[in-house]
Structure formats: C-alpha cells, structure tokens
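Please look at the sequence and structure first.

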Amino acid sequence: MALPGSSLQEYNSEPVNWFDSLRQQREQLIQQIQREEESKCEIQKQVSILTDALRKMSEGLARKKQVRSEYDKTIQKTEAAYMQILGSSETLPCATQSKTASLARVDVEGVMAGEPPRKRRCAVDPGVARVNQMLWESGPVAQEMLEREAAHAGLPIDALFYTGSG
C-alpha cells in the first residue's frame, strides 16, 4: 500500500507541472510578442520612410507634369506660329512673282538712277513694297530671290521697292 502522503504529493506535483508548463508557454508567448513588436516597429519605420519617399516622388511628379504642360503649350504655340510663317512664305513668292510680272509690263526706266519715273503707273503697291523691303532686310537668301524675280521680270531691283510716293 502506498504511503498516505505520497499520493497527495503526486496529486500536488501534477498541478505544479501544469503550472510550470503554462509558465513556459507564457514565456514563449512573451518572447513571440517581443519579436513581433520589434518587427512591427521596424515595419512602421519602413512605412514611414516609404511614405516620405512616396510624398517626395509625388511632389516631383507634379512639378514635372507642370513643366511638361508648359512644354506642350510652348510647342503648340511655336508650331502654330511656324505653320503661319510657312503659309505666308508659300503665298509670298506667288504674290511677289505676280506683282513682279505685272511690273514687267510697265515702263520703269529711270527708277534705278533715282530719277522720277516717266509714268506713274510703274509704282508698286505700298504693301508689296513693304513686304519686298522686309524680305530684302531679312538676309541674302531673300535678296537673291528678289533679284531673281526682278531679273525674270526684266526689271531693275529698285523697281520692287518704288511706291510712286516721296
């Protein structure tokens, strides 16, 4: 037969073992919580860093998009102005050629020497004379074009600028 105290001691050791087991599980849980809290803090730091990087990137993108918009406006305005210049440059030679051709039929003797023309009908339209003057001042390429037009029409170059006034 077993001693009366020994069975009581067995009964006591079993709950003590349970308590020890529970304490060990609690310690493991505490360690897991600590590790997860450390991981959480590290992730929060990373989130903060990434949030700041995202904010900076968004601001930079907004500035770049604004600059791109300004580029688009500038390009659009420049292209429109260029197309307008092209349109004018396409019609200008035709207008100059037709005016020059009409001048070929007019007597313009004396214009080159600075003498008054013998006939008033030899004067160039003031608008055409201004355009011819602007062309002449724009450079050698335009000067060559005007000289060719005048030569083609059989006129002295001064005839392209004479308005009949002054």
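## Surface and burial

The protein exposes about 13400 Å², and carbon and sulfur atoms supply 57% of this area. Accessible areas come from the Shrake-Rupley method with a 1.4 Å probe, and for residues only the protein chains shown count as cover. This is a predicted model: local features need pLDDT of at least 70, side-chain atom pairs count only at pLDDT 80 or more, and totals for chains, interfaces and linings use all residues. Residues are numbered from 1 along each chain as its sequence is written, and side-chain values use heavy atoms, with hydrogens and water left out.

Of the 166 residues in the protein, 16% are buried. Buried means under 20% relative accessible area, exposed over 50%, and partly exposed in between (1.4 Å probe, protein chains only).

## Elements

The protein has 3 helices and 0 strands, in the order α-α-α from the N terminus. Helices (H or I, at least four residues) and strands (E, at least two) are DSSP runs, numbered from the N terminus.

## Helix α3

Helix α3 covers residues 140-153, which is 14 residues. From first C-alpha to last, α3 reaches 20 Å, close to the 20 Å expected at 1.5 Å a residue (1.5 Å times one less than the number of residues).

Ala142, Met145, Leu146, Glu149, Ala150 and Ala153 are the buried residues of α3. Seen down the axis of α3, they fall within an arc of 130 degrees, so they line one face of the helix; the arc is that of the directions from the helix axis to the C-beta atoms. Exposed on the other side of α3 are Pro140, Val141, Arg148, Ala151 and His152. Just after α3, glycine 154 has a positive phi of about 75 degrees.
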